[in-house]
Amino acid sequence: MNTPTSPVPTGATVAGATDRPRVAVVGAGMGGLTLAILLARLPCIVDVYEQAPAFARVGAGINVSPNATRALDGAGVLTEMRRTACRPAGWTSRSWDTGDVLAYLPLGDEAEKRYHGPFLQMHRGDFHQALVEAAAATGGVNLHHGHRLVGLDQSAGDAVRLTFADGRTAEADLVIGADGIHSQVRRTVMGESELHFTGRVAYRGVVEMDRGQRDVDDDFVKWWGPDRHIVAYYIGAGREVYYVTSIPETSWREESWSTRGSLDDLREAMDGFHSDVHKVINMPHATYKWALYDRQPLATWHDGAVTLLGDACHPMVPYMAQGAAMAVEDAVVLYRSLTRHGFGDLPRALDAYEGTRLARTAQVQTESAQNTFMRSGGSPQWLYGYDAWSVPLTPADSEVSR
């Protein structure tokens, strides 16, 4: 993936020769890049520090529900996302063995009208690339690869000093940790906290299956078993099917997006599941395996001029497909909070951001862990109807224009 970069010489210190506030976003994932795109609208310098030397197109799908697409529309990236995404007609919950319908949620036009944003499914790499290109198009985002954060220091002067593994340093007036479940920013400012292994692992893979041939009848389906499940949906403009499972396993605990799994083990774990499941997993392809972890909700996300966003502060299991959505919502609310209070009153801005988001993200974390969402129907209005652009900040504020 070609990525615009702004290299920093080894041993150099990034310091602004301007009065504009300097913002450091640690982590160039979905939430970090969305925030950077929005912050570029403000009179500030935005530097995004990513530890990876380059972006890889990891084989994975992603649900982008209306609460996220509405937020992303305000950031100006939804049109590009639609180009490679699928828009499922509905979400079907089925019995694992017979395929009997347990629940059906209409999506498509009905969801877009009801929730004021489409429900999209796409390759994670396409989503990420759309954000990378949008960040570059702003002309105000500097993306630095190969920067693994090892330390933060708020004790010297007004700026926060960032130190990276290779000895390079940078300074910023505000640091946002968008660096995922293993966040170094969180560890540095909040201390160590327990990473909870759920006792489950997930297999995931991408299979070439054309939507037009209807090899799998449902656009988007979850087969619910007694102690495991599998989800499948079309991505890649309808040319591929992505699947992801959750299976009990206590001995294997590697949390990695790049570890290969065994197709034989996957097929054995899905023994007895509906024939449509086996149509997918019996196709020749590579499967990947990762252990599922989460954390308890934090009581606070910020300390001084450092705050957290996305999985860095509220990692969750993927059973509601809301991890990236919550990070995107965070980005919009943090941007609105900074727009309202300005960089001159960071404590109030960060209090407003955190106060607006804590209860929402804790609820999604908790409900996702229960793995009952839409199993037997119900309304997702509370989830999909959320509008990060208009939800009142805590305390209440005047509206911030998109």
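A residue counts as buried when its relative accessible area is under 20%. W389 has 2% relative accessibility, so W389 is buried. This residue lies in the segment after helix 11 (381–384). W389 and A71 are 318 residues apart in sequence, yet their C-alpha atoms are 6.7 Å apart in space. The model described here is a predicted one.

Seven strands make up an open sheet, and their order across it is 6-5-14-15-16-13-17. The pairing in this sheet is mixed. Strand 6 (101–106) and strand 17 (287–294) are the edge strands, each of which pairs on one side only. On average, neighbouring strands of the sheet are turned by 15° against each other, direction ignored.

Strand 5 pairs with strand 6 in the antiparallel sense, over 5 bridges. Across this pairing, W91 stands opposite L105 of strand 6. The two strands form a hairpin with 5 residues between them. In the turn of that hairpin, G99 has a positive phi of about 80°.

Strand 5 also pairs with strand 14, here in the parallel sense and over 4 bridges. R94 has W223 in strand 14 as its bridge partner.

Further along the sheet, strand 15 (residues 229–235) and strand 16 (residues 240–248) pair in the antiparallel sense over 7 bridges. Here A232 has Y243 of strand 16 as its bridge partner.

Strand 5 is mostly covered, with 6 of its 6 residues buried. G90, T92 and R94 point one way from the strand, while W91, S93 and S95 point the other way.

The side chain of T92 is joined to that of D218 by a polar contact of 3.3 Å. D218 is found in the loop between strand 13 (196–208) and strand 14. D218 counts as buried because its relative accessibility is 11%.

## Aromatic side chains

The structure contains 13 aromatic pairs. One of them is the stacked pair of W91 and F220, with 4.9 Å from centre to centre and 15° between the planes. This pair links distant parts of the chain: W91 belongs to strand 5 (residues 90–95) and F220 to strand 14 (residues 220–224), and the two are 129 residues apart. Both W91 and F220 are buried.

W91 and F220 also belong to one aromatic cluster, whose other members are Y115, F119, Y233, Y242, F373 and Y384.

Charged side chains lie over two other rings. K222 lies over the face of W224, at 3.9 Å from the ring centre. R260 lies over the face of Y288, at 5.6 Å from the ring centre.

## Salt bridges

There are 21 salt bridges in the structure.

| E112 | R82 | 2.5 Å |

The bridge to R82 links distant parts of the chain, as E112 is in helix 4 (residues 108–115) and R82 in helix 3 (residues 78–84), 30 residues apart.

R211 has a relative accessible area of 23%, so R211 is partly exposed.

Salt bridges also link R22, R161, E171 and D173 in a network.

Note on methods: Residues numbered from 1 in each chain as written. Predicted model: local features only at pLDDT ≥ 70, side-chain atom pairs only at ≥ 80, totals over all residues. Heavy atoms only, no water. Phe/Tyr/Trp six-rings, centres within 6.5 Å; stacked < 30°, edge-to-face > 60°. Buried < 20%, exposed > 50% of the residue type's maximum accessible area, 1.4 Å probe, protein only. Lys NZ or Arg CZ within 6 Å of the ring centre and 35° of its normal. Pairing = 2+ DSSP bridges. Axes fitted to C-alpha atoms, helices over the stretch in contact; angles between N-to-C directions. Salt bridge = Lys/Arg side-chain N within 4 Å of Asp/Glu carboxyl O. Polar contact = N/O pair within 3.5 Å; in protein donor to acceptor, adjacent residues only side chain to side chain.
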